[in-house]
Amino acid sequence: MSGTNRKEAEIRRLLDLPRPPVPADLVPRAARRGERVLRRRRVARRVVWAVLVAAVVVFTVWAWDVHPWVPPPATTTPPLEGW
């Protein structure tokens with residue numbers, strides 16, 4: 001028996017078996033779990049957005065105070081000539 005025929009025979013045997021019973025409360029449990037998953041995703045998304053907004057505000061305040069686009073003052077004086 002080749003590999004394909006053996007797989008087909010196994011699948012046919014599984015399909016011929018009686019189906020297992022489904023729990024009566026399966027739908028409500030699945031709905032509650034789905035609601036929890038959606039709630040967690042929503043909370044996580046809000047936390048990520050809040051952190052992103054806070055980072056933008058902190059960066060803006062820092063840039064407003066420090067002025068990183070302005071070159072720093074020279075630490076040495078130019079040589080004196082003509083004295």
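Tutor: A salt bridge is a side-chain nitrogen of Lys or Arg within 4 Å of a carboxyl oxygen of Asp or Glu. By this rule the count comes to two salt bridges. This is a predicted model, where local features need pLDDT of at least 70, side-chain atom pairs count only at pLDDT 80 or more, and totals for chains, interfaces and linings use all residues. Residues are numbered from 1 along each chain as its sequence is written, and side-chain values use heavy atoms, with hydrogens and water left out.

Student: What makes arginine 13 and glutamate 10 a salt bridge?

Tutor: Their side chains meet at 2.6 Å, N to O. The rule asks for a nitrogen within 4 Å of a carboxyl oxygen, so the pair counts. Both residues lie in helix 1 (residues 3-16), three residues apart, about one turn of the helix.

Student: How do you know that arginine 29 and aspartate 25 meet in a salt bridge?

Tutor: The N to O distance is 3.5 Å. The limit is 4 Å, so this pair counts too. Side chains of opposite charge can pair when their charged atoms come close.

Student: Why is arginine 29 called partly exposed?

Tutor: Buried means under 20% relative accessible area, exposed means over 50%, and partly exposed is in between (1.4 Å probe, protein chains only). Arginine 29 has 39% relative accessibility, so it is partly exposed. Aspartate 25, at 37%, is partly exposed as well.

Student: Where do arginine 13 and glutamate 10 fall?

Tutor: Arginine 13 has 43% and is partly exposed. Glutamate 10 has 38% and is also partly exposed.

Student: How many helices and strands does the protein chain have?

Tutor: Two helices and zero strands. Helices (H or I, at least four residues) and strands (E, at least two) are DSSP runs, numbered from the N terminus.

Student: Why is the chain called more spread out than a compact globule?

Tutor: Its radius of gyration, taken over C-alpha atoms, is 34 Å. The globule rule is 2.2 Å times the number of residues to the power 0.38. The C-alpha atoms fill a box of roughly 105 × 40 × 10 Å along the principal axes. Buried residues make up 1% of the 83 residues.

Student: What makes the group from Trp49 to Val61 a nonpolar surface patch?

Tutor: Patches are made of residues with over 30% relative accessible area and no salt bridge; like charges are joined within 9 Å, and nonpolar side chains (Val, Leu, Ile, Met, Phe, Trp, Tyr) within 5 Å. Trp49, Leu52, Val53, Val56, Val57 and Val61 form this one, about 580 Å². Take leucine 52, in helix 2 (residues 26-66). Its relative accessibility is 44%, so it clears the 30% cut-off.

Student: Which residues form the positive surface patch?

Tutor: Arginines, including Arg32, Arg33, Arg36 and Arg46. Lys and Arg count as positive and Asp and Glu as negative, while His and the chain ends are not counted. Arginine 32 is found in helix 2.

Methods:
Accessible areas come from the Shrake-Rupley method with a 1.4 Å probe; for residues, only the protein chains shown count as cover. The place of a charge is taken as NZ of Lys, CZ of Arg, CG of Asp or CD of Glu.
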